[in-house]
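Subject: Structure for you to look at

Hello,

Here is the structure I said I would pass on. Please open it first, then read the notes below.

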Amino acid sequence: MYNAFCYGAPPHAGIAPGVDRMVMLLSGEETIREVIPFPMNKNAADVMMDAPGYVSDKQLEELNIRTVAPASAGEEKTSEES
């Protein structure tokens with residue numbers, strides 16, 4: 001079973017137990033952020049772990065990830081992009 005999780009968690013089709021929401025209701029809190037251990041702020045940043053963070057070029061190279069600058073508004077699409 002552990003090997004199966006190496007490929008990712010199985011989809012739950014939107015039917016997750018919602019334990020965090022149940023805890024919120026049982027504890028009488030008004031927002032779910034009060035019961036989540038490491039909530040993100042309104043900008044989706046985790047202030048406890050300073051995430052999301054910046055990635056160095058060395059880290060990208062280790063993972064064989066290449067970044068591509070977005071095309072400017074004046075450039076025409078090639079036949080592959082159409």
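A helix here is a DSSP run of H or I with at least four residues, and helices are numbered from the N terminus. The model is a predicted one.

By that count the protein has three helices and zero strands, so the order from the N terminus is α-α-α.

Confidence comes next. The mean pLDDT of the protein is 78, and 77% of its residues reach 70 or more. Helix α1 (residues 2-5) has the lowest confidence, with a mean of 71, while α3 has the highest, at 93. Where pLDDT is low, the predicted coordinates should not be read in detail.

On burial, the protein has 82 residues, and 6% of them are buried.

Part of the surface is a nonpolar patch of about 410 Å², made by Val 19, Met 22, Val 23 and Leu 26. Leu 26 lies in helix α2, which covers residues 19-27. Is Leu 26 buried or exposed? Leu 26 counts as exposed because its relative accessibility is 78%, and the cut-off for exposed is over 50%.

The last item is Asn 64, in the segment that follows α3 (57-62). Its phi is near 55°, a positive value in a residue that is not glycine. Most residues other than glycine have a negative phi. Asn 64 has a relative accessibility of 72%, so Asn 64 counts as exposed too.

Regards

Definitions and conventions: Residues numbered from 1 in each chain as written. Predicted model: local features only at pLDDT ≥ 70, side-chain atom pairs only at ≥ 80, totals over all residues. Heavy atoms only, no water. Helix = DSSP H or I, 4+ residues; strand = E, 2+ residues; numbered from the N terminus. Buried < 20%, exposed > 50% of the residue type's maximum accessible area, 1.4 Å probe, protein only. Patch = residues over 30% accessible without salt bridge, like charges linked within 9 Å, V, L, I, M, F, W, Y side chains within 5 Å. Areas by Shrake-Rupley, 256 points an atom, 1.4 Å probe, with all protein chains shown as cover. Salt bridge = Lys/Arg side-chain N within 4 Å of Asp/Glu carboxyl O. pLDDT = per-residue confidence, 0-100.
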